[in-house]
Amino acid sequence: MSDKGNYVRLPLHQVSKELVAVAQGTLPADLVVKNIRLLNVNTGEIQDKMDVAVKSGHIAYVGDASHTVGEKTTVVDGEGMVLAPGFLDGHIHVESSMVTVREYARTVVPHGTTGIFMDPHEIANVLGMEGVKLMVEDGKDVPMNVWATMPSCVPAVPGFEDSGAEFGPEEVAEAMTWDGIAGLGELMNFPGVLMGSDHAHGEIAATLRSGKPVTGHYSMPDLDRGLNGYVASGVSSCHESVSKEDALARMRLGMYARMREGSAWHDVKETIRSVTESRIDTRFALLVCDDAHPDTLLSLGHLDHIVRRAIEEGLDPIRAIQMVTINTAQYFGKADEIGSISPGKFADMVLLSDLSRVSVHKVIYNGVLVAEKGEMVVPIERSTVPDFAKKSVRLAGPVTKEDLKVVAPEGATSVTARVMEIIEAHVGTYSREIELSVVDGTVPAWLRSPCSSATRPPGPGDWAS
Ligand SMILES: [Zn+2]
C-alpha cells in the first residue's frame, strides 16, 4: 500500500538507509515507545523491559532504544504495558456493519484494528466492479490498511437473484491487477469446484496466476474426499468451520482455518477447541469476524472482542494474538510489511493495558498515535457516496401491507408451511414443515420461533401486528 493520502505508507526501499541509521544510533527516531512488555509474535513470547524505535512509519529498532532518542523524538512511556502488533481481520464484510469503510475504520481502529481484508460481496452483487472499486477507494486515506478480496460468487445463486451484477474469470483477472486487491473472496461455489465447473476453476486460475490467495467457503460435512478436492483446487482458507473437527481437518490439510466470531454466528467456542485440546501448531489458525452489526462493534468491539473470546475459551493469549497478526499477514503474503513488531515492518501497534482482557489503551498506525482510550485522536473525513451508488433498490411500486400478507386457502383454519429454521448463533439452517394457524384468512408472521415449540399453541406476543 502506498497511496494513503494523509497516511502515506513509504515503502521500505525508500527508507531503508534511514532505518539502519536509527538502529545504529546515528539518526534519531521519530517515535520511541519505551518501557513495554513486547508481545513477540515471531517467537511467541513476552519480552520484558523493551523499547521500540520508529522512523518514517517503520520500526527501526527493538531493544533498549535510549541511543535512538534525539531532541525531536516523541517518547511514549508504555508504563510496563504490553505492546502487540496491530490487529488484522482476515475476513470481513463491511456492508454488514451498514456503514461506509471510513465509518467502519472510525469504529474499529480504537479497538486495535489496523488492517482489514474485506470482501465487498454485497455491494458487488448490486453495483458490480464499480462497487468493488468504490469500497477500495473509500478505504484509502484512513489510518488502517484496507485490502479487498475480489468477490467470487456474484450472484451467489445464479438464476435466482436479480440484483444486477455478474462476475466470472474475466472480471476476476481484471480485479487482480488493481491496487488493493489481496486475493479472491470466499469461493462459496464449492459444488462447482468439486464438479469441475469452468467458471469456478477459471476464477481460481485468474487468482493463482496473479500470485494471490483464493479464500474459501466450504460448508459440507465431508472432511475427506470433498475437503481434499476443495483444497487441491487451490483454495487455501475457509471460515465455515463450526466444530473442532472441521477446523482441525482444514489445518491438517494446510488450509487456513479462519475461526469466526461475528454478530450472528459464534463459532469460536467450538472451533477453538481444535487448538486448545490438541496442542497442535497454530500457524494455520486465524480469528476473523465475517459480519458485525453496528451494535456488536459498539458494545463488544471488533478483533479485541474475538481474541478475548478465544482467551476465555482457554487459548493462550499470545497464540490468540498471533491469530490476528502474523498468521493473517503470512496468509495474505503481507508479513514482510505488517503483522509483527520487527525492524523494517510498518509501525502498526497496539498498547494493551491488560493482555488477557485485550484492553486496548493506545493504537499506533504508521508510527502515529491514532487512537487512545477507545477514541480516535486523528480525524477521518466522511465518505462521499457517488450518485450511481444511491437509490439502488428498485421496486415495481410501493410496498403495502397487503403485499406482505400470506393468504391461506379458503376455509382453512391452519396450513402446513415449509419454513427455514435458523439455529441461534450458528450459520447452519434447516428445512422444516410446521403447522401454522390461519387468522382472518391469512397466515400471520410469528414473532417467536415456532419451530422449537411447534406443538405449543401460539400465545400473546407471538403474532406480528
Ligand atoms: Zn464471509
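Author: What follows goes from the whole chain to single residues.

Author: This is a predicted model, in which local features need pLDDT of at least 70 and side-chain atom pairs count only at pLDDT 80 or more, while totals for chains, interfaces and linings use all residues. Residues are numbered from 1 along each chain as its sequence is written.

Reader: OK. How many helices and strands does the protein have?

Author: There are 14 helices and 19 strands. Helices (H or I, at least four residues) and strands (E, at least two) are DSSP runs, numbered from the N terminus.

Reader: And what is the radius of gyration?

Author: The protein has 24 Å, which agrees with the value near 23 Å that a compact globule of 465 residues would have. The radius is taken over C-alpha atoms, and the globule rule is 2.2 Å times the number of residues to the power 0.38. Along its principal axes the C-alpha trace spans about 90 × 45 × 45 Å.

Reader: Which domains is the protein divided into?

Author: Domain 1 covers 86-332 and domain 2 covers 402-453; such bounds come from an automatic or database domain assignment. Their centres, taken over C-alpha atoms, are 33 Å apart.

Reader: How much of the protein is buried?

Author: Buried residues are 45% of the 465. A residue is buried if 20 or more other C-beta atoms lie within 10 Å of its own, exposed if 12 or fewer, and partly exposed in between, with C-beta atoms placed from the backbone.

Reader: What about the largest nonpolar core, which residues have the most contacts inside it?

Author: Val52, Leu83, Ala257, Leu287 and Val307 do, in a core of 120 residues. Helix H3 (residues 121-138) gives the largest share of this core, 7 residues. A nonpolar core is a set of buried Ala, Val, Leu, Ile, Met, Phe, Trp, Tyr and Cys residues joined through C-beta atoms within 7 Å.

Reader: Take Val307. What does Val307 touch?

Author: Leaving out residues up to four places away in sequence, Val307 touches Leu287, Ala320, Ile321, Val324 and Val358. Two residues are in contact if their C-beta atoms, placed from the backbone, lie within 7 Å.

Reader: New topic: H1. Where is the kink in H1 centred?

Author: On Glu18, with a kink of about 30°. The bend at a residue is the angle between axes fitted to the seven residues ending there and the seven starting there.

Reader: Which residues of H1 are buried?

Author: Leu19, Val22 and Ala23 are. The buried residues of H1 pack against strand E2 (45-55) and strand E3 (58-63). Just after H1, Gly25 has a positive phi of about 85°.

Reader: What follows H8?

Author: Gly254 does, also with a positive phi, in this case near 75°. Within H8 (residues 244-252), the buried residues include Asp246 and Arg250. The partners that the buried residues of H8 pack against include helix H7 (225-232) and strand E12 (256-260).

Reader: Now the loops. Why does Gly70 count as partly exposed?

Author: Because Gly70 has 13 C-beta neighbours inside 10 Å. Gly70 is in the loop between E3 and strand E4 (74-77).

Reader: And Val385, buried or exposed?

Author: Val385 counts as exposed, with 11 C-beta neighbours inside 10 Å. Val385 is in the loop between strand E17 (375-376) and strand E18 (414-422). Val385 and Thr100 are 285 residues apart in sequence, but their C-alpha atoms are 8.8 Å apart in space.
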